[in-house]
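Hello,

Here is the structure I promised to pass on. Please open it alongside this note. My findings follow below it.

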Amino acid sequence: MTTQRQRTASRRVLLSLGGLALLSACAKPQPDPSGPPATVAAPSSAPPLPPSASPSPTGLPRIPVQKKPRYVVPAQGGTKVVALTFDDGPHPAYTPQVLKILRKHHVKATFFVIGQSAAAHPDLVRAIVDDGHAVGTHTWSHANLRHLPAGRVRTEVGRAVDTVAATTGRIPGLFRAPYGNWSPTVFQVCAALGQTSIAWDVDPRDWENPGASRIRSKVLDQVGNRSIVLAHDGGGDRSQTVSALRGFLPILIDSGYRFVGV
Ligand SMILES: [Zn+2]
């Protein structure tokens, strides 16, 4: 449910970023390769709702500057947990298929959406939220942020945050850099915008379309307690990812994993 406070916060986002989301309803998503593999870093808690005082330009509170992204989810008292994440959507063909599989198994995931795609398919963003999943952002245009100056990083990140906030009524606080390319500048901008950077420790490289069985076996080989699994519901033909998900999800469930947010 959308609260008045969230709506107010969304308006503040639009105002602070110049209402950019309103100007960009017809943009097209970019293709994806994803980033490099990752190692373990310290987790932190989910971002809070917008505060009433001293909001950052997105409306979320400024957070401490991260030195590296989060690679695994917080420990959950000995329970075996895993987080599924999907990048580069929403996509009209594949996002609904992923949602259907997750729904069938009562599993929640996190979707890092591209701002342009979210603006083009707001109904899909709302479908993700309506199914109880978390939505983070993945820049406006799937830009490689590594060598961009702060102003352009801020536009790429803020515009995507703005779009999701305007679409869902909730300001997203989770961010994933395209290609896994963070930089000190990116961490500084994200901190100012209240965005926590989330990476992964399991990468089946589904964006290379290596075959559904290979994607499935890579996930099952690499996954462990507190893993964050990287997969894609957009950026190209993701039918192999969908097929692999159908295969590995029941196996993870039978292995005793509980599915959590990042
Ligand atoms: Zn991506």
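Which residues in helix 7 meet which residues in helix 8? From helix 7 come Ala212, Ile215, Arg216, Val219 and Leu220. From helix 8 come Gln240, Thr241, Ser243, Ala244, Gly247, Phe248 and Ile251. Contact here means C-beta atoms, placed from the backbone, within 7 Å. Helices (H or I, at least four residues) and strands (E, at least two) are DSSP runs, numbered from the N terminus.

Two notes before the rest. This is a predicted model: local features need pLDDT of at least 70, side-chain atom pairs count only at pLDDT 80 or more, and totals for chains, interfaces and linings use all residues. Residues are numbered from 1 along each chain as its sequence is written.

**Helix 8 and its partners**

Helix 7 spans residues 212-222, and helix 8 spans residues 239-254. Their axes come within 8 Å and cross at roughly 40°. Axes are lines fitted to C-alpha atoms, for helices over the stretch in contact; angles run from 0 to 180 degrees between N-to-C directions. Helix 7 is therefore oblique to helix 8. (Under 35 degrees counts as roughly parallel, over 145 as roughly antiparallel, 65 to 115 as roughly perpendicular, and the rest as oblique.) By class, this contact of helix 7 with helix 8 has 7 nonpolar, 4 polar and 1 charged residues. Ala, Val, Leu, Ile, Met, Phe, Trp, Tyr, Cys and Pro count as nonpolar, Asp, Glu, Lys and Arg as charged, and the others, Gly among them, as polar.

Helix 2 (residues 94-104) also packs on helix 8, at about 10°, with the axes 10 Å apart. So helix 2 is roughly parallel to helix 8. Tyr94, Gln97, Val98 and Ile101 in helix 2 meet Val242, Leu245, Arg246 and Leu249 in helix 8. That contact has 6 nonpolar, 1 polar and 1 charged residues.

**The core**

The largest nonpolar core has 65 residues. Such a core is a set of buried Ala, Val, Leu, Ile, Met, Phe, Trp, Tyr and Cys residues joined through C-beta atoms within 7 Å. Buried means 20 or more other C-beta atoms within 10 Å, exposed 12 or fewer, and partly exposed in between. Helix 5 (residues 150-168) gives the largest share, 7 residues. Ile228 is among the residues with the most contacts inside the core.

Pro210 lies in the loop between strand 5 (196-197) and helix 7. Pro210 is partly exposed, with 15 other C-beta atoms within 10 Å. The C-alpha atoms of Pro210 and Gln240 are separated by 8.1 Å, though 30 residues apart along the chain.

Best wishes

Terms used:
Two residues are in contact if their C-beta atoms, placed from the backbone, lie within 7 Å.
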